[in-house]
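Q: I have a structure open and want to go through a few spots in it. Can you take my questions one at a time?

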Amino acid sequence: MGINEAPKRAMALGGIYRFKDGRNTPDVHPVLFEYEYAKQTIPVYMRLTLGTETSEVTRFMGSKGILELTEFGLVHSPQTGQDSAPSYYCYGLPARLREPYFKQWHAEHDPKPGQEPFPETASFKGNDYDDLKPHLWNFFEAVRSRKPVVQDIVFGHHAALGCHMGNESFFRKSAVYWDEASQTIKS
């Protein structure tokens with residue numbers, strides 16, 4: 001996504017629910033990060049769950065669709081970016097307001113029979129993206145060509161800082177933010 005900066009804020013919770021073996025960091029640890037990119041706030045949700053075996057999945061979700069990255073593939077599920085049904089909160093309206101709203105919504109949004117959008121999902125399969133060989137190849141090519149690596153020391157610092165902010169939020173039991181001026185995590 002082109003973001004190479006520390007999260008602006010992090011909020012975490014969780015606990016030691018499965019492995020009560022003396023550890024002090026959580027084995028279930030959901031964290032909500034807040035990044036800024038192109039003057040927009042972007043929420044990023046990460047979840048660590050050590051109590052069950054699950055595959056690693058990364059999802060990018062937006063109004064135009066979902067990109068789902070798994071260990072061996074990528075799936076793109078496009079969406080039209082438009083409402084596909086009337087707003088759910090309208091079911092709580094009195095019938096005299098709800099019924100005209102539904103009638104108008106369907107008149108303006110329902111596709112004609114046979115013209116319904118049919119976005120096709122695209123799937124790509126490949127080698128394990130976490131495989132060591134591509135990372136080593138990238139590093140050796142950078143050394144040989146003197147070109148910068150994809151994930152440099154600044155990127156590594158920001159990635160580690162996100163982890164530290166998640167942990168600090170968990171231990172402080174409050175949201176934390178990164179203070180760039182003092183280079184510290186604050187509550």
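Q: Where does Asp 179 sit?
A: In this predicted model, Asp 179 belongs to strand S8, which covers residues 176-179.

Q: Buried or exposed, that Asp 179?
A: Buried: its relative accessibility is 19%, and the cut-off for buried is under 20%.

Q: What does the Asp 179 side chain make a polar contact with?
A: With the side chain of Ser 182, at 2.6 Å. Setting aside residues up to four places away in sequence, Asp 179 also touches Thr 184 and Lys 186.

Q: Switching to the largest nonpolar core. How many residues, and which?
A: That core has 12 residues. They are Ala 6, Ala 10, Ala 12, Val 31, Phe 33, Tyr 35, Leu 161, Met 165, Phe 170, Val 176, Trp 178 and Ile 185.

Q: Which elements give two or more residues to it?
A: Strand S1 (9-12), strand S2 (28-37), helix H3 (153-172) and S8.

Q: Take Val 176, then. What is it in contact with, leaving aside neighbours within four places in sequence?
A: Val 176 has contacts with Lys 8, Arg 9, Ala 10, Met 165, Glu 168, Ser 169, Ile 185, Lys 186 and Ser 187. Of these, Ala 10, Met 165 and Ile 185 are also listed in the core.

Q: OK, aromatics. How many pairs?
A: The count is six aromatic pairs. One of them is Tyr 88 with Tyr 89: the ring centres are 6.1 Å apart and the planes are at 80 degrees, so this pair is edge-to-face.

Q: Are Tyr 88 and Tyr 89 buried or exposed?
A: Tyr 88 and Tyr 89 are both exposed.

Q: And what about Tyr 101 and Phe 102, how are those rings arranged?
A: Their centres lie 5.7 Å apart with the planes at 50 degrees, so the pair counts as tilted. Tyr 101 is partly exposed at 25% relative accessibility, while Phe 102 is buried at 12%.

Q: Which cluster do they end up in?
A: Ring pairs link Tyr 101 and Phe 102 with Tyr 91 into a cluster.

Q: Last topic, strands. How do S5 and S6 run?
A: Antiparallel, with six bridges joining S5 (residues 65-70) to S6 (residues 73-78). S5 and S6 form a hairpin, and two residues lie between them.

Q: What about S6 and S7?
A: Those are antiparallel too, with four bridges between S6 and S7 (residues 122-125).

Q: Where does Val 75 come in?
A: Val 75, in S6, is the bridge partner of Glu 68. Val 75 also stands opposite Ser 123 in S7.

Definitions and conventions
Residues are numbered from 1 along each chain as its sequence is written. This is a predicted model: local features need pLDDT of at least 70, side-chain atom pairs count only at pLDDT 80 or more; totals for chains, interfaces and linings use all residues. Side-chain values use heavy atoms; hydrogens and water are left out. Buried means under 20% relative accessible area, exposed over 50%, partly exposed in between (1.4 Å probe, protein chains only). A polar contact is a pair of N or O atoms within 3.5 Å; within protein, one must be able to donate a hydrogen and the other to accept it, and residues adjacent in sequence count only if both atoms are side-chain atoms. Contact means heavy atoms within 4.5 Å. A nonpolar core is a set of buried Ala, Val, Leu, Ile, Met, Phe, Trp, Tyr and Cys residues joined through side-chain atoms within 4.5 Å. Rings of Phe, Tyr and Trp (its six-membered ring) pair if their centres lie within 6.5 Å; planes under 30 degrees apart count as stacked, over 60 as edge-to-face and the rest as tilted. Two strands pair if DSSP finds at least two bridges between them.
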